Amino acid sequence: MNIDKKYPSIPDLESAALPRLPGFVRDYLVHGIGNDVNVRKNRESLDGVELLPRYLSDMDQPNLQCRLLGQDYEAPFGVAPIGLAGLIWPNAEATLAAAAKENGIPFALSTVSTITLENARELGHEYTWFQLYTPRDPGSRDDIIRRCDEAGYETLIVTVDVPYGTRRAHDIRNGLSVPPRFNLRNLWQMITHPPWALRMLAAGIPRFRNLTPYYDADTLKRRRSEIQRSVRFIKDRLGVHISRQVLGEIRAIWPENLVVKGVLDPEDARGYIDAGADGVIVSNHGGRQLDAAPSAVSVLPQIRESVGPDVPLIVDGGVRSGLDIARLLALGADFVLIGRPYMFALAAIGAKGGSHVVNIFKAELQSTMGQLGCPSIPDLPDYLVRKSLPHLDP
Ligand SMILES: Cc1cc2nc3c(=O)[nH]c(=O)nc-3n(C[C@H](O)[C@H](O)[C@H](O)COP(=O)(O)O)c2cc1C
């Protein structure tokens, strides 16, 4: 099969992927919170960003390479952390860690992953970042950070936008859990999606492998099954407001790059930098936390103004093309993360999916920059049509 011809864009991969996933998995992956207002807003605000082509140019070949937090990358985008990725598609984390390394872009492993952080680092080497959902108990928190240090990680992302239990009605209705709960409805969904079910059988039942040492130590709950203990641990023990003090405590024991993810307020961004962060990820978590939150596009310019020109700003939410990447970089971001499209690609075409998505984004970004006459990534802000964004100063 010629995948370049059959799936030349992310929407092609999405349409092929969705019918291959059981309903409860599809709901978890695709939707946001509430009425998906925030998911739609991410898309609409990207569509509203205009770029001005300049044809009077002698630019030859656009250069996609870039440098972020002391490391060179082949392109200005990476793989966003996706929790339970191994449930969405078997072996997703291992496949994507390896694909990211092969393509010279970063892959961020979620705390709630189905492989260990040590395993991911072995597969992705210096291209693997770790994303922390901060445990309330400082002992478990510090132990995860120690493991990251020992495994050789250079970038730790602290997600700040899950300070409190998140209520997504579809996941509650579906009884989403790891391993999947075998009620009649879910079982039927699994049986009727053989590409997913057979691969899941071969890969083995997914578990929250990063967290096993912590919920195993939970002696009070010893009599419960492993699944009950892991779910309880995540519900009761993960997630805390990342105050200046908490970030300061993490900063004190983490010597490498520290990036906070999920920031939407310019003052928060400045505050986290003052408390010791090296960079900020402007994100509304793919529309999954607060349905009334603004899109990253609408707050990015003010956040850039608030932190100044030199603080690394990464952004995510709704990116589905190389043009979208160009839009965000033109608006003042240094780097872009992308979540769902990688999962669509794995579900549509399997292990080749990770590299195929990278190739699509690279080709589309290159073609966009060629149209604009833009020679390199740092030049993209020169092509922004400022009046397409009413909230920007003229
Ligand atoms: C299914 C799913 C699971 C996610 N899990 C995490 C997670 O464990 N940690 C985290 O910081 N963000 C998580 N996110 C948010 C992503 O890192 C990212 O911010 C978002 O997916 C970007 O939007 P996009 O999917 O439209 O590209 C998750 C997103 C999705 C769709």
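How many nonpolar, polar and charged residues does the shell around the ligand have?

A: The model is a predicted one, in which local features need pLDDT of at least 70 and side-chain atom pairs count only at pLDDT 80 or more, while totals for chains, interfaces and linings use all residues. Residues are numbered from 1 along each chain as its sequence is written, and side-chain values use heavy atoms, with hydrogens and water left out.

By class, the shell around the ligand has 8 nonpolar, 10 polar and 5 charged residues (Ala, Val, Leu, Ile, Met, Phe, Trp, Tyr, Cys and Pro count as nonpolar, Asp, Glu, Lys and Arg as charged, and the others, Gly among them, as polar). The ligand is surrounded by 23 residues, of which Pro 81, Gly 83, Ser 110, Thr 159 and Asp 316 are the closest (a residue is near if one of its heavy atoms lies within 4 Å).

Two of these side chains can be followed to polar contacts, that is, pairs of N or O atoms within 3.5 Å. The side chain of Asp 316 places an N or O atom 2.6 Å from an oxygen atom of the ligand, and for the side chain of Thr 159 the corresponding distance to a ligand oxygen is 2.8 Å. Arg 340 takes part through its backbone, with an N or O atom 3.0 Å from an oxygen atom of the ligand. Taken alone, the ligand exposes 600 Å², and the protein buries 99% of that area (Shrake-Rupley method with a 1.4 Å probe).

The ligand sits in the largest pocket (more than half of its atoms lie within 2 Å of the pocket's grid points). A pocket is an open set of points on a 1 Å grid over the protein atoms alone, with protein on both sides within 12 Å along at least five of seven lines, a cavity is a set where a 1.4 Å probe fits but cannot get out, and lining residues have an atom within 4 Å of a point. The largest pocket holds about 1400 Å³ of space, and among its 49 lining residues Tyr 28, Thr 166, Arg 168, Asp 171 and Ile 234 are closest to the centre. Helix H3 (23–30), helix H9 (169–174), helix H13 (226–237) and strand S10 (335–338) each give at least two residues to this lining, with H13 supplying the largest share, 3 residues. The pocket lining comprises 22 nonpolar, 16 polar and 11 charged residues.

The largest cavity, with about 60 Å³ of space, is lined by 14 residues, and Ala 80, Ile 82, Ala 85, Leu 96 and Phe 107 lie nearest its centre. S4 gives the most to that lining, 3 residues, and the lining as a whole has 11 nonpolar, 2 polar and 1 charged residues. The second largest cavity holds about 30 Å³, and its lining includes Val 79, Leu 96, Tyr 342 and Val 358. H6 and helix H19 (353–372) are the elements that give two or more residues to this second lining, which divides into 7 nonpolar, 2 polar and no charged residues.

How values were computed
A polar contact is a pair of N or O atoms within 3.5 Å; within protein, one must be able to donate a hydrogen and the other to accept it, and residues adjacent in sequence count only if both atoms are side-chain atoms. Grid points are joined across faces, edges and corners, and a volume is the space filled by probe spheres set on the points. Helices (H or I, at least four residues) and strands (E, at least two) are DSSP runs, numbered from the N terminus.
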